[in-house]
Amino acid sequence: GKVLEIGRKPGSPTGPRKLVLPVPEVSSTHAELRPASDGWSLRDNSSTNGTRLNGAWLTAGQEYRLKNGDHIKIAQVDLI
């Protein structure tokens, strides 16, 4: 039930869990995966280069519910 941050730089050992994507186009704190009552949601944290979900650009700060098989694109990194 914890937030998973996605970003270019590692977090601190006592901070939130983080998925590190060491790619220059990925912001330091690019996006977050958040637990929801029925699964997970994705939020772009006003990243410089944006985040796509199933090909559509996300609006920064808005949460999007994820479904099985969704395709997340951050820079050149694909997450399914």
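Helices (H or I, at least four residues) and strands (E, at least two) are DSSP runs, numbered from the N terminus. The model is predicted: local features need pLDDT of at least 70, side-chain atom pairs count only at pLDDT 80 or more, and totals for chains, interfaces and linings use all residues. Residues are numbered from 1 along each chain as its sequence is written, and side-chain values use heavy atoms, with hydrogens and water left out.

**View 1. Asp-70 in the loop between strand 7 and strand 8**. Asp-70 is buried, at 8% relative accessibility (buried is under 20% relative accessible area, exposed over 50%, partly exposed in between; 1.4 Å probe, protein chains only). Its side chain makes a polar contact of 2.9 Å with the side chain of Asn-54. Such a contact is a pair of N or O atoms within 3.5 Å; within protein, one must be able to donate a hydrogen and the other to accept it, and residues adjacent in sequence count only if both atoms are side-chain atoms. A polar atom of the Asp-70 side chain also lies 2.6 Å from the backbone nitrogen of Lys-67. Beyond four places in sequence, Asp-70 is in contact (heavy atoms within 4.5 Å) with Leu-53, Asn-54, Arg-65, Leu-79 and Ile-80.

View 2. Strand 3 and strand 4 (residues 39-44) are antiparallel over 6 bridges, and Ala-31 stands opposite Asp-44 in strand 4.

**View 3. Salt bridges of Arg-34**. A salt bridge is a side-chain nitrogen of Lys or Arg within 4 Å of a carboxyl oxygen of Asp or Glu; the count is 6. Arg-34, partly exposed at 22%, bridges Glu-32 with closest N and O atoms 2.8 Å apart. Glu-32 is buried, at 9%. For Arg-34 and Glu-63 the closest N and O atoms are 3.8 Å apart. Arg-34 lies in strand 3 and Glu-63 in strand 7, so this pair ties together parts 29 residues apart in sequence. Glu-32, Arg-34, Arg-43 and Glu-63 are linked in a network of salt bridges.

**View 4. The salt bridge between Arg-65 and Asp-38**. The N to O distance is 3.8 Å. Arg-65 is in strand 7 and Asp-38 in the loop between strand 3 and strand 4, 27 residues apart. Arg-65 is partly exposed at 49%, whereas Asp-38 is exposed at 58%.

How values were computed:
Pairing = 2+ DSSP bridges.
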